[in-house]
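Student: I'd like to learn how to read a two-chain model. Could you walk me through it?

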Amino acid sequence: MNRIEQSFKALHEQDRKAFIPYIMAGDGGLNILTETLSTLEKFGATLIEVGVPFSDPVADGPTIQQAGIRSLQNGTTLRGIIAELTKAREVVSIPIVLMTYLNPIYSYGISTFAQDIAKAGVDGCIIPDLPIEEEDLLAAELENAGIELIRLVTLTSPRERIKEISSRGKGFLYTVTVKGITGTRTEFDQEVVEFLKKVKEVSPIPVVAGFGISTESQIKELTPHCDGVIVGSKIVDLLNKKDIHGLESFMSVLKPEKNIR
Amino acid sequence: MNSYTLPNDKGQFGIYGGRFVPETLMKAVLELDEAYKIAKEDPSFQAEIDGYLSEYVGRETPLYFAKNLTKYAGGAQIYLKREDLNHTGAHKINNAIGQALLALRMGKRKIVAETGAGQHGVATATVCALLNLDCIIFMGEEDIKRQALNVFRMELLGAKVVSVTSGSATLKDAVNEALRYWVEHVEDTHYLLGSVMGPHPFPVMVRDFQSVIGKETKKQFFEQEGKLPEAVVACIGGGSNAAGMFFPFIEDKEVSLYGVEAAGQGTDTDFHAASLTKGKPGVLHGALMYLLQDDDGQIIEAHSISAGLDYPGVGPEHSYLKDSGRANYQSITDSEALDAFGLLSKLEGIIPALESAHAISFAVKLAAQMKETEHIVVCLSGRGDKDVMAVKERLERERA
């Protein structure tokens, strides 16, 4: 059983939900990556999604676009991120999942990429511009290296397709809770809750909600219907402002003493 | 070449193409594929398109023997396929009509599109006005400056033009924003992509809608010369006019196919848009294709005096045709294109779009190396009125 499966199993046994922060690697400099990951682990992150900056992030809204631009301006490369993650692995024990668009991987070389991130202690990979129709391009290489491909389902995915997608993975199912790109939203409509229920029904693996989640009340609204949440833009924003107290307070929302269950 | 049947069902031309889009768009992309397959087999769909192309666009466009340009080049006989004479002044409307009619068949009455030079935006806005569709166009801030007149045209036609300031604020970034908009509005909106790029079925669909260029050329050339031309030439940004010109000739291997990219300030500088000449395969905007990118897979900004060629990628079919050797890809610099812009204006009384001036420039060089008994057809993809101000400013700057 890999680290991702173990984490969700442990949460499940304690009747808790996953809190997954997303960060943009290299935002603020790659030299703070290890410290940031440690802090997030200390504040109770279940797993951390580490974003790789890309020049043309079509699935991302303004906050993450800007973080990516800052990171690229700092000279961040995929190679540099992998090297820093190797060091971070010595002090961080929770699972790490890389979120990267396909082209940096393609350019790096698919099988070298899979082997190198496995060696660095990365557990999974999210590729937002890789639908299941195209995953033959690298699914075998990732599997051979022991890297879990984390797949996405969205409000526009038909039921049969959700079934197909969720049956392919072992990690968790990234369930996109907005019609759109990443970024903060004020509220979700009932459609999102119904959607989460539907996904939960068919998915054999943990269902984690992400995109547009930025407030405690949203998290409380969604977590009864899924196995956890991914928070991106809000975390990126707090880290960029160096608001560590704000980060700690925000991340305590799913801690046992405050847990709605 | 044996019978050419690409792309396959996954939208692949060899290794190129595919559907590399976020899951949110997959439903729409698969539905579009299905709807296009059905429409393609429906004679009434083609008849509807043909009706608009003939009555509204003004097809067929002439195949014009450019006697003075031929004499100037001193070699092969040069013909011009006059796509500049289409309604709205470029080939872009051939595709806009086809896709808008398809969107209507799919029950979608809202259209989003990107534009570089503004030609595709104007064509899309025009067709949306005609068919009473809502229209929103994303255009890079840089291009808005370079093509102010086209922005006014689009607005006059009832479209909403949104300025894109991210990245290089040109065509690539306009595609990013149009894709983001489509992700958010996918259920009732059709993305009317303007070139042979993006996820399947766009590259094949746009090629098919543009093939009217090559089909007419083949027929008209045969009527005038009783044979096939030795060479056809077209400029390449994303590659739609070239794809439409090449496709009907693709199995006629005696016809050489030449695509002309923008070399900007030179392919040995950092300021060009020659994706096939200088790029390497990668994934952007839904397809695997040749891309200008750095060693870390970050996309490099393209540079060209011509806003319509200012794109760091090139359609997957062209990527395949380059590797297979069936088509030959060359590049022409900004200053060569400017020379050709002036040359065609003076010699033939035809002001070409800066995009098309790249093809003219290369054709003149090519003709000089060919025999007088041989023939070249150049796709004159658009008229140059939109570029007159920018060219004037550039020439004044150079003189100063």
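**Reading the model, step by step**

Tutor: Let's begin where the chains meet: 35 residues of chain A are in contact with 38 residues of chain B, contact meaning heavy atoms within 4.5 Å. Keep in mind that this is a predicted model, where local features need pLDDT of at least 70, side-chain atom pairs count only at pLDDT 80 or more, and totals for chains, interfaces and linings use all residues. As for bookkeeping, residues are numbered from 1 along each chain as its sequence is written, chains are lettered from A and ligands numbered from 1 in the order in which they are written, and side-chain values use heavy atoms, with hydrogens and water left out.

Student: What area is buried between chain A and chain B?

Tutor: The size of an interface is often given as the accessible area lost when the parts come together. Here buried area is the accessible area (1.4 Å probe) that two parts lose on being put together, summed over both. For chain A and chain B that comes to about 3000 Å², with carbon and sulfur atoms giving 52%. On the chain A side, Val58(A), Glu134(A) and Thr156(A) lose the most area to chain B, together 20% of what that side buries.

Student: How many salt bridges does the rule find across the interface?

Tutor: The rule asks for a side-chain nitrogen of Lys or Arg within 4 Å of a carboxyl oxygen of Asp or Glu. It finds two across this interface. In a salt bridge between the chains, Glu23(B) meets Arg161(A) at 2.7 Å, N to O.

Student: Which element gives the most to the side of chain A that touches chain B?

Tutor: Helices (H or I, at least four residues) and strands (E, at least two) are DSSP runs, numbered from the N terminus. Helix H3 (62-73), helix H5 (102-108), strand E6 (152-153) and helix H8 (159-168) of chain A each give two or more residues to that side. H5(A) gives the most, with five residues.

Student: Now sheets. What is the order of the strands in the parallel open sheet of chain B?

Tutor: Strands of a sheet pair through backbone hydrogen bonds, either parallel or antiparallel. Two strands count as paired if DSSP finds at least two bridges between them. In this open sheet of four strands the order is E7-E6-E5-E8 (chain B). E7 (160-164) and E8 (189-191) of chain B are the edge strands, each pairing on one side only. Inside the sheet, six bridges join E5 (residues 110-115) to E6 (residues 134-140) of chain B, and Val112(B) has Ile136(B) as its bridge partner in E6(B).

Student: And strand E4 of chain B: is it mostly covered or mostly open?

Tutor: "Buried" means under 20% relative accessible area, "exposed" over 50%, and "partly exposed" in between (1.4 Å probe, protein chains only). E4(B), residues 77-82, is mostly covered, with six of its six residues buried. Gln77(B), Tyr79(B) and Lys81(B) point one way, while Ile78(B), Leu80(B) and Arg82(B) point the other. E4(B) runs antiparallel to E3 (residues 63-65) of chain B, joined by three bridges, and parallel to E14 (residues 375-380) of chain B, joined by six. Leu80(B) partners Tyr64(B) and also Val378(B).

Student: Why does Glu221(A) count as partly exposed?

Tutor: Because its relative accessibility is 31%. Glu221(A) has its place in helix H10 (residues 216-222) of chain A.
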